[in-house]
Structures are given as structure tokens and as C-alpha cells.
Amino acid sequence: MKRGFPILAIVTALLLSFALYEALIVAPTEQTMGNVQRIFYYHVPSAWTAFLLFLINFVASVVYLARRNPKADILALVSAEVGVVFCTVVLITGPIWARPVWGIWWTWDLRLTLTLVLWLIYVSYLLLRRFSTGGKTPVIAAVVAIFGALDVPLVYFSIWIFRTQHPSPVIGDNGSLDPRMAHVLLINWAAFLCLAWLLCWTRYELEIAQRKVEEAQALESLMDGSR
Amino acid sequence: MSFLAITRATLAKDIRLEWRSKDAINAMLFFALLVVVIFSFAFDPTAEESRRIAGGLIWVAFLFAAVVALNQTWARELRNQVLDAYRVSPAPADPLFLAKAFGNFIFVGLLEALMAPLFIAFYKLRALGPAWELVPIAILGTWALVVNGTFFAAISLRTRSREIMLPLLLFPFSIPALLGMVNATTAVLTGEESTKFWIALLLAYDVVFTTACLLFFELVLESE
């Protein structure tokens with residue numbers, strides 16, 4: 001496994017550079033929006049990656065509760081952390097695009113609101129992990145992660161009613177996407193997935209090392225105490 | 001002891017404790033009163049405007065005030081190791097949770113009944129829609145707040161600075177319920193829209209999270 005890490009790092013770097021070239025130079029310029037549309041190649045893959053990571057967080061939490069495997073707990077923690085980072089990218093790149101195209105920074109549209117609420121839920125999950133004391137942090141964190149996943153359809157449904165009752169003028173469905181654009185989008189998504197994988201892997205190893213250090217320190221203070 | 005007997009005994013104990021000390025209810029009432037007065041100064045609305053904003057103000061005031069009661073739910077049991085005693089007793093966890101949630105429901109419901117006339121007076125409210133619908137909205141909305149609130153209060157017992165952890169957990173998770181309560185109340189006050197969808201949403205929220213709380217409460221109680 002360890003040998004795979006530098007290979008993944010190189011692949012990620014190459015893919016990211018290639019995706020940057022594709023997005024900025026190869027992809028055709030959008031007719032009405034112009035160059036500002038190119039942020040789409042970062043915005044959408046980040047969103048897909050973030051949602052995938054939140055899904056992994058949910059699955060890992062369920063596995064942890066069923067099997068009590070500490071690796072599942074670390075995976076849940078790591079995927080939530082990296083997911084929040086990508087979700088933040090989505091929430092920052094969105095308004096940058098919306099301001100010149102829609103003329104506003106933000107609207108309470110279905111997808112925007114859902115992303116924001118997801119971000120809030122997972123930040124509160126990470127805060128709980130940070131504030132939690134005692135050895136049972138993984139159990140309560142897993143329970144809260146499952147609550148978060150249960151909340152998502154309800155949030156979706158509530159914003160859906162909200163939006164259908166107050167239609168907003170700025171909901172832009174892309175309709176059919178130019179095949180060249182779709183191609184660039186997929187390359188960018190592949191690059192972002194590799195990056196997310198790399199980040200998760202690094203954070204995973206770091207967390208394992210950190211837990212080993214904590215264990216060793218606890219053991220040491222125990223030995224000192226008994227001496 | 002049966003499930004029902006344990007629920008009843010715990011609930012009766014909590015109500016007796018609250019009746020004698022009146023800690024939570026006094027703090028909640030005064031807090032909600034302050035929120036009502038401050039909002040009323042801040043907006044000074046006309047009757048027409050207040051119809052549109054009152055739904056939001058009422059539920060925000062109740063949400064903030066409810067956190068006061070929710071924080072006390074389990075903190076009370078930490079003194080004299082009552083919670084540890086409960087954990088080693090053979091009694092199942094679910095009736096304890098239900099009793100606590102019902103207790104909070106009663107306290108917050110009482111608060112709402114006492115504060116509603118004040119809201120009506122200060123904001124010159126008169127419902128243009130069917131006013132009786134406010135009763136199911138209040139019942140479902142209050143339960144939505146207290147069921148998750150009671151659960152998250154038990155979770156925040158396991159954290160540092162638990163008084164601040166509870167709202168940090170409860171507010172993001174309650175967003176759909178809050179949207180439901182606020183919009184249903186506004187719909188009744190303005191009489192412009194139907195409350196049907198919002199009541200269905202609140203009902204779904206209550207069913208989903210009551211089930212989840214009962215499923216996971218034992219895990220949370222045992223995790224020390």
C-alpha cells in the first residue's frame with residue numbers, strides 16, 4: 001500500500017495539470033457567459049467529490065457501529081474533513097460565478113441551500129468530534145453522522161416545497177452540455193477524485209500515527225505512575 | 001417494571017423536581033420574554049408586516065428558550081451520579097429517553113402557551129387563515145425540537161463545554177423542522193398559502209427522528 005502513495009501523488013499532479021490545461025485552453029468558450037463559465041470545471045467536480053465523501057462518511061459510520069473497527073472510524077473522520085474542504089470550495093466558487101452571470105452572489109435555490117445545509121451539518125459533526133472527550137467519541141460521532149444522513153432527504157424536501165412556493169428567477173438548468181465541455185468536466189472530476197483520495201490517504205496515515213503516539217504517551221505515563 | 005411504568009415514574013420525578021425548583025421554566029420564560037421585547041423594539045412592525053415576520057420570530061424565540069430547558073435535562077442527573085445509577089440498573093434506556101423528551105415537551109409547550117398571548121399583543125397579530133391549524137403545527141414543531149434536543153443534550157454530555165455544544169448540534173439538524181414550523185405559521189397568519197405540505201414535512205421529521213433517537217439512545221447512554 002505504501003508504495004502506491006508516491007504513484008498516486010504523481011498521477012494526481014499530472015492529471016491536475018492536464019485538467020487545468022483542458023479547462024482553460026482546450027474547452028470551448030461558452031457563448032453567453034464567456035470565460036467566467038470555466039469555473040464550472042472546478043465547481044461541479046468539487047461538488048460531486050464532496051457529496052461522494054459525505055456518502056463514504058455515512059457508510060463508514062454504519063460499518064463502525066456494526067463492526068467496531070477503528071479503521072472505519074478513521075475513514076469516517078477523514079472523509080468528513082476532506083468533504084468539508086471540497087464543499088467549502090463549492091460554496092466559494094459558486095458565488096464567484098453567480099455574481100457576473102446572475103447578477104447576485106447568492107440565492108436560496110434548492111441546490112445552493114442543500115449544499116450550505118450539508119456544510120453546516122458536517123461542520124457541526126467535526127466540531128462534535130473536536131469537543132468530545134473520553135474513549136467513546138467514535139460511537140457518538142457515528143450516531144451523529146447517521147442523523148446527518150437522515151436529515152438530508154428532509155432538508156431536500158423542505159427546500160423543495162420552499163422553492164416551489166417561491167419560484168426564483170435565476171435557476172439555470174444547463175440543458176444539453178457541449179460534448180467537449182462534458183469531456184473536460186470528466187477529466188477535471190477524475191483529477192479531483194485523485195486529489196481527494198490523496199488527501200484522505202495522507203490524513204488517514206496521519207491520524208493512525210497520531211493515535212499511536214497518544215497510546216504510547218498514555219502507556220508511558222502509566223508506567224511512570226506505577227514506578 | 002413495565003416500559004410505561006418507568007416512563008411515568010421518571011416523568012413524574014422530573015415534573016416534581018421542576019415544580020419545586022422552577023429553574024428551567026423561570027429561565028426559559030424570562031429569556032423568551034426578553035427576546036420578544038428586543039425583537040419588538042428592533043422591528044417595530046405594522047400589523048401587515050408583523051404577519052409576515054411573526055412566524056419566524058416566534059419560533060426563533062422558542063428555539064432559543066428551549067435550549068435552556070434542554071441543557072438542564074441531563075445536567076440535573078449528573079449531580080449525585082443519578083445517570084450512573086440508571087446505567088447499572090436493569091431498566092431499559094428507551095423509557096428514560098421518552099420520559100425526558102415528554103418532560104421537555106411539557107415545559108416548552110407551557111412556555112409557548114404563556115408566551116403566545118404576549119406575541120399576539122405586541123405584534124398585533126390576527127390570523128387570516130384557519131387559526132386552529134396552529135395547534136397541530138405547535139405540537140408537531142415542539143416535538144421536533146425537543147426529541148432531537150433531548151438526544152443531542154445526552155450527546156453533548158460527553159463533550160467539553162457542553163452548554164455550547166448543544167445548540168451547535170441542534171440548530172443545523174433542525175433546519176428542515178424550523179423551515180416547516182416557520183412557513184406553516186406564516187401561512188396561517190397571512191392566509192395566503194396552504195399549510196398541508198409543511199405539516200406533512202413536520203410529521204415526517206418527527207417520525208424519522210423519534211425512531212432514530214429510540215434506536216440509538218441506548219448506545220449514547222452506555223458510551224461513557
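**Close-up views of a two-chain predicted model**

View 1. H9(B) is built from 27 residues, and its first and last C-alpha atoms are 40 Å apart, close to the 39 Å expected at 1.5 Å a residue. Please keep in mind that this model is predicted. Follow the helix along and you will come to B:Phe216, where H9(B) bends by about 45°. B:Phe216 also belongs to the buried residues of H9(B). Others in that buried set include B:Phe197, B:Trp198, B:Leu201 and B:Leu202. Further along the helix, B:Tyr205, B:Asp206, B:Phe209, B:Cys213, B:Phe217 and B:Val220 are buried too.

**View 2. Where chain B meets chain A.** Here 28 residues of chain B are in contact with 25 residues of chain A. Which elements of chain B give two or more residues to this side? They are helix H7 (162–173), helix H8 (175–190) and helix H9 (196–222) of chain B. H9(B), the helix from the previous view, gives the most, with 10 residues. By residue type, the side of chain B that touches chain A has 19 nonpolar, five polar and four charged residues.

**View 3. Chain A as a whole.** Chain A contains six helices and zero strands, giving the pattern α-α-α-α-α-α when read along the sequence. Its C-alpha trace spans about 75 × 45 × 25 Å along the principal axes. Chain A has 227 residues, of which 32% count as buried. Among contacts in chain A with a separation of 6 or more, 78% come from residues 24 or more positions apart.

**View 4. Two helices of chain A side by side.** This view picks out helix H3 (residues 70–102) and helix H4 (residues 110–131) of chain A, which pack at an angle of about 145° with their axes 9 Å apart. The crossing of H3(A) past H4(A) is left-handed. On the H3(A) side, the contact includes A:Leu77, A:Ala80, A:Gly83, A:Val84, A:Cys87 and A:Leu91. Facing them from H4(A) are residues including A:Leu112, A:Leu116, A:Trp119, A:Tyr122, A:Val123 and A:Leu126.

**View 5. What the H3(A) and H4(A) contact is made of.** How many residues of each type take part in the contact of H3(A) with H4(A)? They divide into 14 nonpolar, four polar and two charged. Among the residues making the contact are A:Glu81 and A:Gly94 of H3(A), together with A:Thr115 and A:Arg129 of H4(A).

Conventions. Residues are numbered from 1 along each chain as its sequence is written. Chains are lettered from A and ligands numbered from 1 in the order in which they are written. This is a predicted model: local features need pLDDT of at least 70, side-chain atom pairs count only at pLDDT 80 or more; totals for chains, interfaces and linings use all residues. Two residues are in contact if their C-beta atoms, placed from the backbone, lie within 7 Å. Helices (H or I, at least four residues) and strands (E, at least two) are DSSP runs, numbered from the N terminus. Ala, Val, Leu, Ile, Met, Phe, Trp, Tyr, Cys and Pro count as nonpolar, Asp, Glu, Lys and Arg as charged, and the others, Gly among them, as polar. The expected span of a helix is 1.5 Å times one less than its number of residues. The bend at a residue is the angle between axes fitted to the seven residues ending there and the seven starting there. A residue is buried if 20 or more other C-beta atoms lie within 10 Å of its own, exposed if 12 or fewer, and partly exposed in between; C-beta atoms are placed from the backbone. Axes are lines fitted to C-alpha atoms, for helices over the stretch in contact, and angles run from 0 to 180 degrees between N-to-C directions. A crossing is left-handed if the near helix is turned anticlockwise from the far one by less than a right angle, and right-handed if clockwise.
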